[in-house]
Amino acid sequence: MKMKVVIVGAGVVGSSIARVLSMYDNFDIILVEKEPDVGWGASKANTSIIHPGHEEEPNIHPHRAKLCKEGNRLWRQWARELDIPVKWPGELMIFYNSEEEKIARKYIELAKSNNIPGVRIFYQEELRKMEPSINPNAIGAVYAPTAGIISPFEAVIAIVENAVDNGVRLLTETKVEGIKIAEGRVRGVMTNMGFIEADIVINAAGIYSDEISSMAGVDSGFTVRPRRGEYLLFDEDIRIKPERILHTIPTPISKGVYAITTIHGNLMIGPTAEDLSVEAKEDTSTSEIGLEYLWNEAGKLLREPPSRTKVIRTFAGLRPEPPDGHWLIEAYTEPFGFINVAGIRSPGFTSSPALAHHVVNLIKAKYDINLVMKRKWNPYRSDIAKVGHMSLREADKLISENPDYGEIVCYCKTVSKAEILEAIKRMKKIGLKTVTLDGIKFRTGAGLGTCQGSFCRCRIALLISKYMDMPLHKVVVKKKPYGIGEVKELLKTERSE
Amino acid sequence: MIELDYDTIVIGAGPAGLASAIKAKELGLKTVLVENKDILGGIPLQCIHPGFGLQYFKEDLTGTEFIYRLFDKMEKIGVEYLLKAHVYSVELVAHNEKVVNVITPKGIMRLRSKTIVYTVGAREKSIFEINIIGDRPGAGIYTAGEAQTLMDLYGILPGKEIVIVGSGDVGLIMARRFALEGAKVKSVIELMPYPGGTMRNIVQCLQDYSIPLYLSHKAIRIIGNERVEKVVVAKVDENLKPIEKCKFEIPCDTVILAAGLVPNVSILEKIGMIMDPCTGGPMVNEFLETNVPGIFVAGNALVVNDLVDYVVEQGEQAAEGAFYFVQNNGLPTINWKRVVRGRNIRLIVPHYISGERDIILYARVQKPEKNVLVTIPEIAWKMKLSNVRPAEMIRAKLSKTTLESARFEDKVTVEVNTQ
């Protein structure tokens, strides 16, 4: 008999655990997510960096130090296997005075003790040759060549698609409301969609992981505070875009402010770091103070401040912040079968693949399970073919096979009808209950460009309405429908009253 | 890949593109009109309100009717066109040779041409561009154009309690449109101390429906978890900074953004075209030719117009420019005179004139004024106007004779003075 595993939370942590668990014959895995799609929490709105691991204190945060370095290595393999957009430009931690230089030097020592390759300091002229976009006030920078940039939301989608392909079941819009425990053992989870039986429950609920943890009655007093990070995102055609990852010296609560060119070619500045109350778990609003702070930091990082007219989006994400920054990773025997992978703050994204392997080893050791590898486990998944990413010759060939690739729906990012339809197909395949416009955006890039969807959103909604056989106004944007009804709707109601 | 040759390629089949393609064909140019939607006509197709064509057709038409008039003309003369054809890039080969790469369901087309008339129109500003902070609920936030598409092309009602941000014409027209559908239009919020739209629309779209207009107010913040729940608005001081004491909330389920249009020039920026920061469009001479020889721009991609009649007029001018270019293998060398913005002029098009032929100037003022003289001192030209407002474009036709003396100047200055 297979063990029933329920993973709570389809963010990067939960999805990675699902993928690694799916390698073994021992488990029946259900991935439970309260949102309509995967990766909509901290995994979506972050700085999108794969960290080298030279910023983690091994004595204070041994897990963070070890798994960050290992995760950095594993992402190279995962990105290849899962066709996730990633690049490895390296990063520069910039210092502007001798005080900061002293702090920066500390990271050389940390890099040594964590065994991170190639970390060194560059000064003035050399630094500007390496990175012409840098502010000339910088006197030097700590260079870490192993840093990467990934598309975080596409990464989670890729991992889940692969996990589902390997037998994992995804249940979205399913909120865990309680954990059933009997005779000291986990029996399952109570959800808004009913009871789900389980022998093992893995809490990967990110910002809500404190609530899930307390449902199991373990680690009382463990709380996760939302730490809000705001970002500025600029148009692709902005003049100055750094090739490498640039950031200021870390502070006690943040890794500093970053200036990066995202995998989609946009300049991005952020994050801020603002601790909210434990209850403010949905407050992803942006603020005037936060955005102004970022404008100021952008001017410090870059040779010239970015143009205010080139902002295409401002947003904020919430990072889960556990007490003292300690990840809570524990497989309990009381109740038997409950596992916390809770409060996974930065460098959580980077660490996820390694974290997943770590958790599986924990299960094996703690619950004395003899793991059996599946004979047929598929490590591969390929991305949706994207017309905007290929040469005209390649596009021509693809269009001759399927004319829908030649019908462009999103003009800013050159996304075709075929890509939208493929995204819908894949969303249905992983078992999403609702095909949202946001989900299409994250899978295809349609609506991520200059116009932010004002030209294409309604045409994508039309495609969803047609292929999901539902009225146009009921197509869901993020969580709520696009319109309230048909024109004349209100006049009809008036008359009937 | 399909390769074809033309004298001129018109990109974008809105009113400017239709007019331009018709004119180019009339002049005998081998012309193709390239449109990325599955239908010709552009934005006016979804404009079911009147106000189109008073000058061009001497009749008050709806946008849809106006476009169908152009279709009739086009059919008679037989203009070649492509639908679902997305211009991916433009390659400059020589001064008289460009390649336009087009993605179509039939495959990639490489269209070679001596000239290009670029008429793709404008795009609408998003909430992020006008610095609205707060939540991003996804549902309940629309640009005015998107709301119009939903209502008048697809019959969908976006919401029932509406706040409109920006009092440009599109915003005003949508305010009336929602009111006609029984929705409650709570208010129209305008940052400036004067409306962004024409006086006619202020009266016909707001006053006739008792919709309040808050001048000198800014929409600061959107609140709403899964859909818009309210908008935080504040009065602004003379520097357009929100006054903390004068903040208030307006409950609503829908925010419509009508905060202005921006010429859609991304493809042109990639080929190094020089832009005018005042218009957001390219710098052009009196043929509406840009700094790239043989590329002409007209309509809202050149400068945001308030009348479709001007858009069509510019489309025709650009086609005439293309014709002249094709005939002479390039426009002649001209000692261009810069058109300079003088007192109370926010923007002006074209940027360069020759003084050798009739021209039409299009300008906007910075602030409203009464009883003014629009003048060009260098040539002693003046035009009396009882009212100038930023929302209403000044159009002035100057004859070759008037401009004669400009031939000895380096520049001409257009200014607005009170009498």
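Predicted model: local features only at pLDDT ≥ 70, side-chain atom pairs only at ≥ 80, totals over all residues.
Chain A is divided into three parts, of which domain 1 is made up of residues 1-85, 150-222 and 322-383, domain 2 of residues 91-145 and 225-320, and domain 3 of residues 387-474. The C-alpha centres of domain 1 and domain 2 of chain A lie 28 Å apart, and 28 residues of domain 1 are in contact with 27 residues of domain 2. On the side of domain 1 of chain A that touches domain 2, the residues divide into 12 nonpolar, 10 polar and 6 charged.

In chain B, helix 4 (residues 169-180) packs against helix 5 (residues 199-206) at an angle of about 15°, with their axes 8 Å apart. Because angles under 35 degrees count as roughly parallel, helix 4 and helix 5 of chain B are described as roughly parallel to each other, and their crossing is left-handed. Helix 4 of chain B contributes D169(B), L172(B), I173(B), A175(B) and R176(B) to this contact, while helix 5 of chain B contributes N201(B), I202(B), C205(B) and L206(B); these residues divide into 6 nonpolar, 1 polar and 2 charged.

Between the chains, the contact takes 45 residues from chain B and 49 residues from chain A. Helix 3 of chain B gives the most to the side of chain B that touches chain A, with 5 residues, and the residues of that side divide into 16 nonpolar, 16 polar and 13 charged. The two chains are also linked through strands, since 2 bridges join strand 24 (residues 485-486) of chain A to strand 12 of chain B, and these strands run antiparallel. Within this pairing, G485(A) stands opposite L157(B) of strand 12 of chain B.

Notes: Residues numbered from 1 in each chain as written. Chains lettered and ligands numbered in written order. Domains from an automatic or database assignment. Contact = placed C-beta atoms within 7 Å. Nonpolar A, V, L, I, M, F, W, Y, C, P; charged D, E, K, R; others polar. Axes fitted to C-alpha atoms, helices over the stretch in contact; angles between N-to-C directions. Helix = DSSP H or I, 4+ residues; strand = E, 2+ residues; numbered from the N terminus. Parallel < 35°, antiparallel > 145°, perpendicular 65-115°, else oblique. Left-handed = near helix turned anticlockwise from the far one by under 90°.
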